[in-house]
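Please open the model in your viewer and keep the selection tool at hand.

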Amino acid sequence: QTIFLSLTPILSFRVGDTSINCMRWKIEDNHISILFSNSSGQVGIYTILSNSNIEQDEKELTPPTSITRGHNSAVRCLAWHPTMSNIYTTASVQAPLKVWDKREPLNPIISFQYITKNTFAVYWKQEPAYLYVASSFGVLREISEESH
């Protein structure tokens, strides 16, 4: 039996004239953080406070709370750190893979130059904290927080 859902957009935003390639969200005590990237290498964070009314006209363009030039080419992958709420990772079609602190969005805190280009998936494992990186060349890497 087929089940149909009726979904209504409650939040709509745009980053320049480019497409949004990837999006990840996390729910915290008093807000929701939406991490997104676009095809020109930008990475942004939209923060929604839990007590704010986010219902909007779906055509309205809402600016993100933070945006930075993350890479020189399209950012394909994003991942929030599982235990450190301000830390996230970005990966592009070209090296390097970068780890960021959202409180200091202009410069990455770590830049892995040796990570293969064409990364298509990044994932943080919680305990112990490992970062898994997969590329379109069939390479899967495991990086521990101590290895940087």
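Two strands are said to pair if DSSP finds at least two bridges between them. Strands are DSSP runs (E, at least two residues), numbered from the N terminus. The model is predicted, and local features need pLDDT of at least 70, side-chain atom pairs count only at pLDDT 80 or more, and totals for chains, interfaces and linings use all residues. Residues are numbered from 1 along each chain as its sequence is written, and side-chain values use heavy atoms, with hydrogens and water left out.

Select β9 (119-125) and β10 (130-135). These two strands run antiparallel and are joined by six bridges. Within this pair, Ala 121 stands opposite Ala 134 of β10.

**Second stop: the nonpolar cores**

A nonpolar core is a set of buried Ala, Val, Leu, Ile, Met, Phe, Trp, Tyr and Cys residues joined through side-chain atoms within 4.5 Å. Buried means under 20% relative accessible area, exposed over 50%, and partly exposed in between (1.4 Å probe, protein chains only). Select Leu 97, Phe 112, Val 122, Leu 131 and Val 133: of the 13 residues in the largest core, these touch the most other members. Among the elements that give two or more residues to this core are β5 (75-80), β6 (87-92) and β10. A second, separate core has nine residues, including Cys 22, Leu 35, Val 43 and Leu 78.

Return to Leu 131 and display its surroundings. Beyond its neighbours within four places in sequence, Leu 131 has contacts (heavy atoms within 4.5 Å) that include Thr 89, Trp 124 and Ile 143.

How many salt bridges does the structure hold? There are two, a salt bridge being a side-chain nitrogen of Lys or Arg within 4 Å of a carboxyl oxygen of Asp or Glu. Select Lys 26 and Glu 28, whose closest N and O atoms are 3.8 Å apart. Lys 26 is buried at 12% relative accessible area, while Glu 28 is partly exposed at 22%. Finally, select Arg 103 and Asp 101, where the corresponding separation is 2.6 Å. Arg 103 is exposed, at 56%, whereas Asp 101 counts as buried, at 10%.

Conventions. Helix = DSSP H or I, 4+ residues; strand = E, 2+ residues; numbered from the N terminus.
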